[in-house]
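Colleague: Morning! Could you walk me through this one while I have it open?

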Amino acid sequence: MSRDYSYLKNTIIDWNLTLDDKQINQLDLFYEMLVEKNKVMNLTAITEFDEVIVKHFADSLSIGKVMPSNINTVCDLGTGAGFPGIPMAIAYPNIQFTLIDSLNKRIKFLQEVVDALGLKNVTLIHARAEEAGRNKLYREKFDLVVSRAVANISTLSEYCLPLVKLNGYFISFKSGDIKEEVSLSGNAIQKLGGSMEKPVYFSLPNTDISRSFIIIDKKKSTPKAYPRKAGTPSKEPLK
């Protein structure tokens, strides 16, 4: 293989992760498919290999810093081009992943990826977040729900916490200054049955890219009223 994965391999060691040759080859094929499909479909603005390694692959696998133990099922809500779900599914082959997205074109592309990479631990679902959260097949079924989607914590919590099992976790990938957002979301998280831990702040190694994780424990079942009807959580975030 001509592409250099040494940055990724060296970085993830600090996050309790290693990747063997098969996993590196899977990531490499994913990269090729992503760049090729991106020529005809808007999947990502980041296509240069070195940037994808840092901003997509390393960023997705940084979950290893905070990954709870005893996780068997993970849902990636609003997976988009497959982040963090596909890199996580490659790195954690013994965990079952469900990737949900509202755009069927993206789900069809990800199905091609899953088939090409031979990922037996990935299920793909075409659904809006509000629909998924009310569907008994998915509601309160996952040990861990993750999302790199761009939305405020209150909105993301309304989408994600209904999917989390009691005593499970919702972890939101965030960038930029999130202190005000965190301080404004406490009530909403409590209404949804969650309890927020102290955010984890870090930088991607050898870069000036700052990242953070918002970790929310599911302490109580989410009331049946949530998530509200389509569009409401983003237009009128819970207070």
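Modeller: Happy to. Let's start with helix α3: 10 of its 13 residues are buried, so the rest of the structure largely encloses α3. Buried here means under 20% relative accessible area, exposed means over 50%, and partly exposed is in between (1.4 Å probe, protein chains only). Helices (H or I, at least four residues) and strands (E, at least two) are DSSP runs, numbered from the N terminus.

Colleague: Before we go on, what kind of model is this?

Modeller: This is a predicted model, where local features need pLDDT of at least 70 and side-chain atom pairs count only at pLDDT 80 or more, while totals for chains, interfaces and linings use all residues. Residues are numbered from 1 along each chain as its sequence is written, and side-chain values use heavy atoms, with hydrogens and water left out.

Colleague: Thanks. Which residues of α3 are buried?

Modeller: They are F49, V52, I53, V54, H56, F57, A58, D59, S60 and L61.

Colleague: And what covers them?

Modeller: The cover over the buried residues of α3 includes α1, α2, α4, β5 (164-175) and β8 (210-218). Contact means heavy atoms within 4.5 Å.

Colleague: Let's move to α2. How does the span of that helix compare with what its 18 residues should give?

Modeller: The two agree: at 1.5 Å a residue, α2 (residues 21-38) should span 26 Å, and its end C-alpha atoms are 26 Å apart. The expected span is 1.5 Å times one less than the number of residues in the helix.

Colleague: What happens at the start of α2?

Modeller: There, a side-chain oxygen of D20 comes to within 3.2 Å of the backbone nitrogen of K22. For reference, a polar contact is a pair of N or O atoms within 3.5 Å; within protein, one must be able to donate a hydrogen and the other to accept it, and residues adjacent in sequence count only if both atoms are side-chain atoms.

Colleague: Which residues does E112 touch, leaving out those up to four places away in sequence?

Modeller: With those left out, E112 touches M33 and K37. E112 is in helix α5, and at 39% relative accessibility E112 counts as partly exposed.

Colleague: OK, strands now. In which sense do β2 and β3 pair?

Modeller: Strand β2 (residues 96-101) and strand β3 (residues 122-126) are parallel, with five bridges between them. Strands pair if DSSP finds at least two bridges between them. One of the bridges has I100 partnered with I125 in β3. From β2 the chain passes through helix α5 (residues 104-117) to β3, and this β-α-β crossover is right-handed. Right-handed means that, with the strands pointing away from the viewer, the path from the first strand over the helix to the second runs clockwise.

Colleague: And T98, buried or exposed?

Modeller: T98 is buried, with a relative accessible area of 11%. T98 sits in β2 and, not counting residues up to four places away in sequence, touches V74, C75, D76, T123, I125 and F142.

Colleague: You mentioned C75. How many disulfides does the structure hold?

Modeller: Zero, taking a disulfide as a pair of cysteine sulfur atoms within 2.5 Å. C75 is in no disulfide, and its nearest cysteine sulfur, that of C160, is 7.2 Å away. C75 is buried at 0% relative accessibility, and C160 is buried at 1%.

Colleague: What about phi at N167 and N206?

Modeller: Phi is positive at N167, about 70 degrees, and at N206, near 60 degrees. N167 lies in strand β5 and is exposed at 60% relative accessible area. N206 is in the loop between β7 (200-203) and β8, and counts as exposed at 78%.
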